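Please keep the sequence and the model in view while reading.

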Amino acid sequence: MANGANRDTGEDKVRKVKYRKAKASWNPAMQAIPVPGIRRMVNMASTMKDVIHLSIGQPDLPTPKHVIDAYIDALNAGQTGYTMDAGLPELLVALRDYYSKRYNRKLTRDNILVTSGATEAMYLAISATSAPGRQFIVTDPSFLLYAPLIRMNGGEVKFVPTRVENDHQLDPEEVIAAMGQRTFAIILNNPNNPTGAVYPRSTVEAILEECAYRGIQVYADEVYDHMIFDDEDFASVLSCSMDLDNIMCISSFSKTYSMAGLRVGWVIASQATIKYLRRYHMFTTSVANTPSQFAGVAALTADQQCVRDMVNIYRERRDKVVELVEQTPYLTGYKPGGAFFAFPDLPRHVDGSDLALRMLKETGVCVVPGDAFGEACTNAIRISFSTTCENLEAAFDRIIPWMAKQQF
């Protein structure tokens, strides 16, 4: 409202003014982004006391001291400016040498792009290629980033389910049967989040061979590639593919070296692919964190005993979770081969989201409902064993009697 003078009497009167309500002009593609189930649970847990978290997907083990020292040394040396957009030259060399030796594949610096974590690497790969008419094959369940990014950019998602009775292994015949004329790419997350499944060489090679024949792109998310508990021969796409023409291999320091917050990842692909992604990268984050890249050099070039020690700890926790799930009424488990997740099933008719919320409220144990990861796994929950065996036992001391009281 506003005041105005009456021309006849000179008295003030109230003049009504209508103001337009401003509306945010969000891109309609934003509708493709769901409210993350993980964030919903964690937000609720933050308002409660005495919560045991089996929810967070980040390492709880300390970052190796030599990595921290390298970060601090970089800061003290004034290394706080931009690096080359492709990445710190010393890190590109370290990544080239490390992967060339590990997988017996000749790589050059031009095959690598350093990014702000594996998340940016996957964002670049998907958003630069997803488009109307292009279909992407994704496992169900899968990491929650893939499907929304594909849909945001007009692409179509075709899910291939994995099942607890098969230890959530991916059946290559089902993947091949799902391929059609509109199939543009497949996203292969190995070891898998949320299931912890590790796909054997025969599965990876069969999928890669068919994709090469059909000209289908393969985006391989291998951020848990060192967290292998039962099979020393990890089947990376870098060791299973004939060439890199249709391959993007994505990883990071986050899980292997407990460097999640330092935000350094990378893409390994053909030189032509890296050339295009590098240009796109310049208009997103520009460069990865500079001191973190120096820390990454130290991580790759130092003795790897710290990694082996971490894997041994996670293996012990994996075995403990398998044992505890077996003791829990209504949970159907299996033995995950990698990462730090288990994804047990509830009875088919049980809503995992409802159960997870009630479990949090009534026991103070926070897990993540299965529907955060796909459409065919609503009767599952994800359990993170990135916590101590003592915490795992304390959590299941609450979960087991609570589950026994449920009437499904």
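The structure is a predicted model, in which local features need pLDDT of at least 70 and side-chain atom pairs count only at pLDDT 80 or more, while totals for chains, interfaces and linings use all residues. Residues are numbered from 1 along each chain as its sequence is written, and side-chain values use heavy atoms, with hydrogens and water left out.

**The whole chain**

- The chain holds 13 helices and 14 strands; helices (H or I, at least four residues) and strands (E, at least two) are DSSP runs, numbered from the N terminus.
- The C-alpha trace spans about 95 × 60 × 55 Å along its principal axes.
- Of the 408 residues, 53% are buried; buried means under 20% relative accessible area, exposed over 50%, and partly exposed in between, with a 1.4 Å probe and protein chains only.
- Among contacts (heavy atoms within 4.5 Å) with a separation of 6 or more, 75% join residues 24 or more positions apart.

**Helix α11**

- Helix α11 covers residues 305-326. Its 22 residues should span 32 Å at 1.5 Å a residue, and its end C-alpha atoms are 32 Å apart, which agrees; the expected span is 1.5 Å times one less than the number of residues.
- The buried residues of α11 include Cys306, Val307, Met310, Val311 and Tyr314.
- An α-helix has 3.6 residues a turn, so residues three or four places apart point the same way.
- The packing partners of the buried α11 residues are α2 (65-76), β11 (341-342), β14 (381-384) and α13 (389-405).

**Thr332**

- Thr332 is found in the loop that lies between α11 and β11.
- Thr332 is partly exposed because its relative accessible area is 44%.
- Asp345 is 13 residues from Thr332 along the chain, yet their C-alpha atoms are separated by 5.0 Å.
- Apart from neighbours within four places in sequence, Thr332 is in contact with Val164, Pro344 and Asp345.

**Nonpolar cores**

- The largest nonpolar core has 119 residues, of which Leu54, Leu91, Tyr99, Tyr219, Val237 and Phe253 touch the most other members. Helix α11 supplies the largest share of this core, eight residues.
- A nonpolar core is a set of buried Ala, Val, Leu, Ile, Met, Phe, Trp, Tyr and Cys residues joined through side-chain atoms within 4.5 Å.
- A second, separate core of ten residues includes Ile38, Tyr334, Phe343 and Cys377.
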